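Here are some notes for a colleague who is opening this structure for the first time. Please read them with the model on screen.

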Amino acid sequence: MNLIKNEWQKLLLRKSSWIMQLVLVLMVFLMALLLFFVNKTINTSEGSGEAPRGVTQHFDASGQPISEDQYNSIAKNDSEKAKQIQTKVLSPKDSVAALKMQKKAVTDKQTKEELQRQIDYYQVYADKGKTPLESAGGPDGAQFFGSLAQEASIATILVVIIASTIVASEFSGGTIKLLLTRPYSRSQVLASKLIICIIYAVISSIVLFVSSLLFSLMLGSESYSLPLAPSTGALNAYEMALKLTGTNFVLMLTFLSIAFLFSSVVRSQALAVGVGIGALFSGNIIATFLPLAIAKYDWLKWLIFNLFQLNSMALGNEVAGGLAMWQVILTLFAYIIVILGFTFYIFKKRDVALS
């Protein structure tokens, strides 16, 4: 406990650790301010800038509904007949009925899950007698808050910076020898620093959550308790923000463990930070190309780079390989345990006389 208190005090004395939190708040504010002016410009030039959202249904000349494929075929081959087709945006109740019919007609599991999320979305609006609106501009307050202002990656970068320097700074500053002369094992010393990094990750998550909620009020919203989008089902802004906070925290722990490993290996703070942030960005870049390889080699879906799409899954997207969210989270924790185990092993074996 004394070690943890000592590490916490050292973190408090570092102005940069709290300046970074102010930067996070500022980034959220600037994003909200930008969207405020974008929405204001669109609403001024185009009226409300909103239109009813629902399933688009096509009807032939006799008033019978036709599928999207049939409509596309007619539009491609018979322009005169295409002019007779009526298109209507269905009400939430009718959208639910239409989507249920579509769900019965498909056999693909992934498509069924996507349709079910859409059904859940429109069902809530149908039950409450409301019509969802689709804005032509940027997100409203509820969507802004539900996506955590799209600044989750910034919060993760701050945690990576702290994890990258917390051990490397002891070596570069020459204080590691003094620290290890105290009556604590190397594992205890390293564990105290790891705990402080995790606490900082919790603080960053809370700051992001609260600032996103507060600044979202600038944008206005129909309701924070209504579903956000068909892709995320019945989740409202609060539920979506909490879900995204949870998945991003798991990613924070993953990148934290990678940065913590490099912090324990290298002597230079600058190099540790560079490697930590490089791992974050390069991992996301690699993840964009992996689906092509996974289509041919299914086992590649378990690579850590593919699992970095966890936040995207929270927003309603699929991860390559068809993994479920619980599979991604459990696998990431397995990676975290292995990386941290390797970190503790290296730190206990390292010769500090060479630092």
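1. Basis. The model is predicted, so to speak of local features a pLDDT of at least 70 is needed, side-chain atom pairs count only at pLDDT 80 or more, and totals for chains, interfaces and linings use all residues. Residues are numbered from 1 along each chain as its sequence is written, and side-chain values use heavy atoms, with hydrogens and water left out.

2. Helix α6. This helix covers residues 109–128, 20 residues in all, and spans 29 Å from its first C-alpha to its last, close to the 28 Å expected at 1.5 Å a residue. Helices here are DSSP runs (H or I, at least four residues), numbered from the N terminus. The expected span is 1.5 Å times one less than the number of residues.

3. The faces of α6. L115, I119, Y121, Y122 and Y125 are buried in α6. The buried residues of α6 fall within an arc of 165° seen down its axis, so they line one face of the helix. That arc is taken from the directions from the helix axis to the C-beta atoms. K109 and D127, on the other side of α6, are exposed. Buried means under 20% relative accessible area, exposed over 50%, and partly exposed in between (1.4 Å probe, protein chains only). Helix α5 (92–105) is included in what covers the buried residues of α6.

4. The ends of α6. At the start, a side-chain oxygen of D108 comes to within 3.3 Å of the backbone nitrogen of Q110. Just after the helix, G129 has a positive phi of about 65°. K128 is in α6 and is partly exposed, at 44% relative accessibility. Beyond its neighbours within four places in sequence, K128 is in contact with S225 and L226; contact means heavy atoms within 4.5 Å.

5. Aromatic pairs. How many aromatic pairs does a search of the whole structure find? There are 11. Rings of Phe, Tyr and Trp (its six-membered ring) pair if their centres lie within 6.5 Å; planes under 30 degrees apart count as stacked, over 60 as edge-to-face and the rest as tilted. For Y121 and Y122 the ring centres are 4.9 Å apart and the planes are at 85°, so this pair is edge-to-face. Y121 is buried at 1% relative accessible area, and Y122 is buried at 4%.

6. A pair between distant parts of the chain. F145 and Y238 also form an edge-to-face pair, with 5.8 Å centre to centre and 70° between the planes. F145 belongs to helix α7 (residues 141–146) and Y238 to helix α12 (residues 237–265), 93 residues apart. F145 is buried at 0% relative accessibility, whereas Y238 is partly exposed at 40%. F145 and Y238 are in one aromatic cluster with F209 and Y224.

7. Nonpolar cores. A nonpolar core is a set of buried Ala, Val, Leu, Ile, Met, Phe, Trp, Tyr and Cys residues joined through side-chain atoms within 4.5 Å. The largest has 69 residues, of which F144, F260, V328 and L332 touch the most other members. Helix α12 gives the most to this core, with 14 residues. A second, separate core of 11 residues includes V55, L99, Y122 and Y125.

8. Most residues other than glycine have a negative phi. A149 has a positive phi of about 60° although it is not a glycine, and Q150, also not a glycine, has a positive phi near 60°. A149 lies in the loop between α7 and α8 (152–165), and Q150 is found in the loop between α7 and α8. Are these residues buried or exposed? A149 is buried at 1% relative accessible area, while Q150 is exposed at 52%.

9. S263. This residue lies in helix α12 and is buried, at 0% relative accessibility. A polar atom of the S263 side chain lies 3.4 Å from the backbone oxygen of A163, and a polar atom of that side chain lies 2.9 Å from the backbone nitrogen of A168. Not counting residues up to four places away in sequence, S263 touches residues including S164, T165 and A272.

Key
Helix = DSSP H or I, 4+ residues; strand = E, 2+ residues; numbered from the N terminus. Polar contact = N/O pair within 3.5 Å; in protein donor to acceptor, adjacent residues only side chain to side chain.
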